[in-house]
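Hi everyone, thanks for coming. Let's take a friendly walk through a structure together, so please have a look at the screen.

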Amino acid sequence: MEKFMESYFIWYLIGIIVLTLLMLVRLFMNEGVYNRFIGILVMCTNIILILILIGFIDGRRDMYVDIAIAYAVLGFISSVIVAKILGSKGGGGRDH
Amino acid sequence: MIIRDVMTVIFLSLGFICFFITTVGVFRLKDFYARLHAAGICESAGLVLCSIGFLIYEGFSATGLKIFAVFMAVFIASPIGTHIIIRVAFKQSMRERENAGSAAGSPAGTAEKEVQ
């Protein structure tokens, strides 16, 4: 039974990584600051899941879950900061 | 033991479906706000289901509590982040509409400018 769970996690990880790379493609495909920011937001959540998954595959779960917590908080803070920059006159939000 | 694994597989697969829906949503939806709504699905629904799956597999232990902490952090933080971004984008499009409106002299009902 353990073997099955192991391979299930690995296939699950491959699936999530494919989804994240698709989001990366989307990030570069369309222009505009706000559309690209959506790509970053979704990739950030995917990476949190990837981290926890690697923890479960690797066996050393505590370490990876801690990293996932740090990444979740940092992802949120970065989205607030980007919004602040875009909001102020400096950002402007234009791409060219 | 078997029940634990079966439950984990069920919840994780549901979580994966949510992440897949998000990716399809961000690719297919036209408007900026609809796309951001799709991004919101993955953060709340996807992580909830995956966290439940991991908690079941992990059992009640320190790591389980940490996974619950991750889930709570994202569950509280993601709506706030999405709200801030929508507010800024909306103000930006409002500002552009006023500039476009006053410059071109067209009435206020100009076409909804797509948020870049």
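Here is something to think about as you look: what share of the contacts in chain B with a separation of 6 or more comes from residues 24 or more positions apart? Before I answer, please keep in mind that this is a predicted model. The share is 63%, counted among the contacts with a separation of 6 or more.

Let's stay with chain B for a moment. Its secondary structure consists of three helices and zero strands, and along the sequence the pattern reads α-α-α. Chain B has 116 residues, and 40% of them count as buried. What about the surface? Chain B exposes about 6000 Å², and 76% of that is supplied by carbon and sulfur atoms.

Now let's look at a place where the two chains meet. In general, we describe two packed helices by the angle between their axes and the distance between the axes. The crossing of α2(A) past α1(B) is left-handed.

Which residues meet there? From α2(A) we have A:I38, A:V42, A:T45, A:N46 and A:L49, and on the α1(B) side they meet B:F19, B:T22 and B:V26. Sorted by type, the residues of this contact are five nonpolar, three polar and no charged.

Key
Residues numbered from 1 in each chain as written. Chains lettered and ligands numbered in written order. Predicted model: local features only at pLDDT ≥ 70, side-chain atom pairs only at ≥ 80, totals over all residues. Heavy atoms only, no water. Left-handed = near helix turned anticlockwise from the far one by under 90°. Helix = DSSP H or I, 4+ residues; strand = E, 2+ residues; numbered from the N terminus. Contact = heavy atoms within 4.5 Å. Nonpolar A, V, L, I, M, F, W, Y, C, P; charged D, E, K, R; others polar. Buried < 20%, exposed > 50% of the residue type's maximum accessible area, 1.4 Å probe, protein only. Areas by Shrake-Rupley, 256 points an atom, 1.4 Å probe, with all protein chains shown as cover.
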